[in-house]
Amino acid sequence: MKTIDKSNLDKIIGILKKDGYTVIGPIVKDGAIVYDEIESINDLPAGWGDEQEAGSYRLVKRNDESLFGYVVGPQSWKKFLFPQRMKLWEAGRDGRGFTIKHSDEPVPKYAFLGVRSCELKAIFIQDKVFNNDLYTDSYYNNVRNNIFIISVNCTQAASTCFCVSMKSGPKAKDGFDISLTEVIGKDGHYFVLDESTEKGKELTAKLDAEIATDEQVKAADTRVASAELGMKRSMNTAGIKELLYHNHDHPNWAEIATRCLSCANCTLVCPTCFCHTMEDTTDLTGDHTERWRRWDSCFSLDYSKVAGGNFRTSPKARYRQWMTHKLASWIDQFGTSGCVGCGRCISWCPVGIDITKEVEKIRNSPKTKS
Ligand code: SF4
Ligand code: SF4
């Protein structure tokens, strides 16, 4: 383990930029912490934290200058690996035929700074979605294979977090090039640094890093442990697949539907949801057409519209589909839960529907089938 100070964190950003990476990190924008391109540590949300509850999120000023003193905001890294809207190809009239042109834009080379442990797990999950035996998404994989990841361990939990019960946090164990734990204490403001890959070691060798003392490592571990101990929510995942499969007709689905607005917020903020649709557009001359891919949601009515009708017309059916896919059929499909316990769907649901509570209601109801 090593330690670096803030100026060396800035140096990391500079080295990565020089190596051709677009560095993406947390910034404050529109009253939330979001992920966007950064130039230096001056862009990071120094002194900002967040308070989250079911149906509520707000930024709060901290009483220190922590650069990573927030938890997670409405965005996740999926917007860079699986963009909200992307042109797949375009075609132009060519005499009596047409010519198809695929995008010739260079694939972005991203460095992600500030990836939380649950978000790393979400990237692993999307790896299974976009790179499996049946389907390989070329854009996703081209970006993913060039990425540099700097994870940041959580030193506090939002009240909506439940990553411990999903075994996805609060400390990143693998999947990063470099991981950092931020410490602000009597001995100053520094980061305990761990390198995982050759790329990470090469970059660290260019820094003025020092070997971490036992006290510094302990200070970092204590802060991560406090995030774990401070986690108020949890999800009991024992037998969850069977619980949901056997309770397709449970009365709780209808009760949720009295609150759910089918707004799709939960799916848009979720770092693992991947539903998308295709849109074809033609210009007025009829000489040019484009095919775009854009995010969609199983909560949108049109998503389940097929030739012959719509097979999921009620909010009850749509919420049941989302939760059963996320926590049960995802396991059959991809060998993992679709939930990492980041809590975004709880904070950003306008009516505060809480996936952990809904699972418990079904689990503990006298009407539940075993
Ligand atoms: S279902 Fe909710 S808690 Fe789970 S990963 Fe998605 S947004 Fe996070
Ligand atoms: S559960 Fe909440 S966020 Fe999701 S669709 Fe329903 S109202 Fe919207």
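Rings of Phe, Tyr and Trp (its six-membered ring) pair if their centres lie within 6.5 Å; planes under 30 degrees apart count as stacked, over 60 as edge-to-face and the rest as tilted. By that rule, the whole structure contains 19 aromatic pairs. One of them is a tilted pair of tyrosine 57 and tryptophan 348, 4.9 Å centre to centre with 35 degrees between the planes. Tyrosine 57 belongs to strand S5 (residues 56-61) and tryptophan 348 to the loop between helix H11 (344-347) and helix H12 (355-364), so the pair ties together parts 291 residues apart in sequence. Helices (H or I, at least four residues) and strands (E, at least two) are DSSP runs, numbered from the N terminus.

This is a predicted model: local features need pLDDT of at least 70, side-chain atom pairs count only at pLDDT 80 or more, and totals for chains, interfaces and linings use all residues. Residues are numbered from 1 along each chain as its sequence is written, chains are lettered from A and ligands numbered from 1 in the order in which they are written, and side-chain values use heavy atoms, with hydrogens and water left out.

Buried means under 20% relative accessible area, exposed over 50%, and partly exposed in between (1.4 Å probe, protein chains only). Tyrosine 57, at 14%, is buried, while tryptophan 348, at 24%, is partly exposed.

Elsewhere, one aromatic cluster is made up of Tyr35, Trp77, Phe80, Tyr110 and Phe112.

A charge sits over a ring if NZ of Lys or CZ of Arg is within 6 Å of the ring centre and within 35 degrees of the ring normal. Lysine 61 places its charged end over the ring of tryptophan 48, 4.5 Å from the centre.
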